[in-house]
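Q: I am new to this structure. Please take one part and go through it closely with me.

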Amino acid sequence: MDYEAFFQTELDTLKDDGRYRTFAELERKAGAFPRARHYTDDGVGEVTVWCSNDYLGMGQHPAVLAAMHDTLDSCGAGAGGTRNISGTNHHHVLLETELADLHGKEAALLFTSGYVSNWAALSTLASRLPNCVIFSDALNHASMIEGMRHSRAECHRFKHSDPADLDRLLSMVEPGRPKLVAFESVYSMDGDIGPIAEILDVCEKHGALSYIDEVHAVGLYGPRGGGIAEREGLMDRIDVIEGTLGKAFGVMGGYIAASKNLCDFIRSFASGFIFSTALPPAIAAGACASIRHLKTSQIERQRHQERVAQVRRRLDAIGIPTLDNPSHIIPVMVGDAHKCKMISDWLLEHHGIYVQPINYPTVPVGTERLRITPSPVHTDGDIDRLVNALSEIWSQCELARRAMAA
């Protein structure tokens, strides 16, 4: 087989479909986010980032940076290996304690990313619970799907955010059989929020373990940043809460929070934990500082919601089509892969605005979009430039607009 020819053909197909992904070479500027340096063959320029998952700008917060600098100086760069081999660093223990407290759980367990925490926890639970059957929301994240697939357990998809369909499916399973229901709070591409209480009612009715992914909600919602479940007073009813340290908390890593026994079970049997090098202590210390700050500070969350609302109002006023949702995610709907990439490239080249196109397989064909995520540190001037640029390119491309808001 001509392997190189195969690789080239597959890549050419992506390019022909408008789905080939190119990386903008950026360098975030500490203290100046959302500004970043943009490296090209023509030199270095400056862009404004509009699609970061550092939702609150905590990646540049002084308390986070100070904690990381101090720990780097005192502990060095890396963790030295897995926690089983090199020992559990004190900063890992402090962070897990902070996370357990955030979610009102007995314990928490760290992983190297949110992807790994979903993959490891779901695959371990579903494979080791005897004859377990999984029920997965139709729009669950790829990391959850991969974990469930890896478990080789029987799996059923229920209609997106549909407790009645979940109840119907669960009713077909014998009562004593282990059951696991996996769903999300904020769905990252459409920005909708799942009916958590209603899903938990169904889980409790059928004796199913509940597993919620709160990665796009932790830090952003709830009085202490515990997520949508905290905001709605539901954390105590959820068996496993999974989250990330790489979005609103501004650092990196993933985790689960649950009972002491469940966390110890995952720690003891999950290959994704056992055989992975632990997070560097400085990363853990930075995450810990971020969580502590957001447990008491409302400034970032309030400013964030105000910026999101303003961008929505401005886009509505000029008829730019967005998906309506109650979260902080603003999907600007283009509906064509080639045009979506062209608009993204044009914004970057002509206005220094960086917002990545979202195409298949991340979203279905025909629903291609720009995913805009305003932050507390975007200024009124930033918003003006974004809205004016989008209006200009929308006219150039002769794309449909909504009826102008009054």
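In what order do the strands of the open sheet of 4 strands lie?

A: A word first: this is a predicted model. The order in the open sheet is E1-E2-E3-E12. Pairing in the sheet is mixed. Its edges are strand E1, residues 25-28, and strand E12, residues 353-354. Each of these two pairs on one side only.

E1 and E2 run antiparallel and are joined by 4 bridges.

Move on to the next pair. Strand E2 covers residues 35-40, and strand E3 covers residues 43-49. They too pair in the antiparallel sense, over 6 bridges. Here Arg37 stands opposite Glu46 in E3. As a general point, strands of a sheet pair through backbone hydrogen bonds, either parallel or antiparallel.

Now look beyond the sheet, at a loop. Ala79 lies between helix H2 (62-75) and helix H3 (83-86). Ala79 has 21% relative accessibility, so it counts as partly exposed. Leaving aside neighbours within four places in sequence, Ala79 is in contact with Ser86, His92, Ala278, Leu279, Pro280 and Pro281. Gly233 is 154 residues from Ala79 in sequence, and their C-alpha atoms are 36 Å apart.

Next comes a pair of helices. Helix H5 spans residues 114-128 and helix H10 spans residues 260-269. Their axes come within 10 Å and cross at roughly 95°. H5 and H10 are therefore roughly perpendicular to each other. H5 brings Ala121, Thr124, Leu125 and Arg128 to the contact. H10 brings Leu262, Phe265, Ile266 and Phe269. Of the residues in this contact, 6 are nonpolar, 1 is polar and 1 is charged.

Last, the nonpolar cores. The largest has 53 residues. Leu95, Phe135, Val181, Phe183 and Leu245 touch the most other members. Helix H12 (residues 281-296) gives the largest share of this core, 6 residues. Take Phe183 from that group. Not counting residues up to four places away in sequence, Phe183 touches Asp137, Asn140, Met144, Phe158, Ile196, Ile199, Leu200, Ser210, Tyr211, Ile212 and Asp213. Another core, of 32 residues, lies apart from the largest one. Val308, Leu347, Ile383 and Leu399 are among its members.

Technical notes. Residues numbered from 1 in each chain as written. Predicted model: local features only at pLDDT ≥ 70, side-chain atom pairs only at ≥ 80, totals over all residues. Heavy atoms only, no water. Pairing = 2+ DSSP bridges. Axes fitted to C-alpha atoms, helices over the stretch in contact; angles between N-to-C directions. Parallel < 35°, antiparallel > 145°, perpendicular 65-115°, else oblique. Contact = heavy atoms within 4.5 Å. Nonpolar A, V, L, I, M, F, W, Y, C, P; charged D, E, K, R; others polar. Core = buried A, V, L, I, M, F, W, Y, C linked by side-chain atoms within 4.5 Å. Buried < 20%, exposed > 50% of the residue type's maximum accessible area, 1.4 Å probe, protein only.
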